[in-house]
Amino acid sequence: LDSTINLQDVSPYDLGDQLTLRGFEIEDIREVDIKNETDIVFDIALTSNRPDILSLRGLAREIAAITNKNIIIPKTNPLELKTAQ
C-alpha cells in the first residue's frame with residue numbers, strides 16, 4: 001500500500017482498530033523484516049459482502065476514507081488489442 005497511500009503518520013494498530021470498527025476482521029498485525037527493512041503485515045479476513053476490497057486498490061480506498069488521506073492511483077498503459085484484419 002505504500003505506493004498508493006501515505007500512512008507514515010498512522011499507527012498500524014490504530015488503523016487495525018479503525019478497520020475493525022468498520023466491520024473488517026483483522027486476524028493479526030505483525031512486523032516482518034524484508035531485506036533489512038521492517039514492514040507491517042495485516043492479516044485481514046475477507047467476507048463475501050465486501051468484493052470492493054479484494055484488491056489493493058479497493059483496500060487503499062477504504063483506508064483513505066478512514067484516515068482522510070488521498071490515494072495515488074498509478075498511471076497504467078493498457079495493452080492495445082489488435083483486431084484481426
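This is a predicted model: local features need pLDDT of at least 70, side-chain atom pairs count only at pLDDT 80 or more; totals for chains, interfaces and linings use all residues.
Residues are numbered from 1 along each chain as its sequence is written. Local features need pLDDT of at least 70, side-chain atom pairs count only at pLDDT 80 or more, and totals for chains, interfaces and linings use all residues, while side-chain values use heavy atoms, with hydrogens and water left out. Helices (H or I, at least four residues) and strands (E, at least two) are DSSP runs, numbered from the N terminus.

**Strands β1 and β2**

- Strand β1 (residues 25–34) runs antiparallel to β2, and nine bridges join them; two strands pair if DSSP finds at least two bridges between them.
- E25 stands opposite A45 in β2.
- Two residues lie between the strands of this hairpin, in which K35 takes a positive phi near 50°.
- I44 lies in strand β2 and counts as buried at 19% relative accessibility, since buried means under 20% relative accessible area, exposed over 50% and partly exposed in between (1.4 Å probe, protein chains only).
- Leaving aside neighbours within four places in sequence, I44 is in contact with F24, E25, I26 and L59, where contact means heavy atoms within 4.5 Å.

**Helix α2**

- The twelve residues of α2 should span 16 Å at 1.5 Å a residue, which agrees with end C-alpha atoms 16 Å apart; the expected span is 1.5 Å times one less than the number of residues.
- The buried residues of α2 include G58, L59, I63 and I66, and their cover includes α1 and β2.
- E62 lies in α2 and is buried, with a relative accessible area of 18%.
- Beyond its neighbours within four places in sequence, E62 is in contact with R22, F24, R50, D52 and I53.
- N68, whose phi is positive, near 60°, follows α2.

**The largest pocket**

- The largest pocket holds about 610 Å³ of space. On a 1 Å grid over the protein atoms alone, a pocket is an open set of points where a 1.4 Å probe fits, with protein on both sides within 12 Å along at least five of seven lines. Grid points are joined across faces, edges and corners, and a volume is the space filled by probe spheres set on the points.
- Its lining has 20 residues, of which L1, D2, L7, I40 and F42 lie nearest the centre; lining residues have an atom within 4 Å of a point.
- α1 (12–21), β2 (37–45) and α2 (56–67) each supply at least two lining residues, and β2 gives the largest share, six residues.
- By class, the lining has 15 nonpolar, three polar and two charged residues (Ala, Val, Leu, Ile, Met, Phe, Trp, Tyr, Cys and Pro count as nonpolar, Asp, Glu, Lys and Arg as charged, and the others, Gly among them, as polar).
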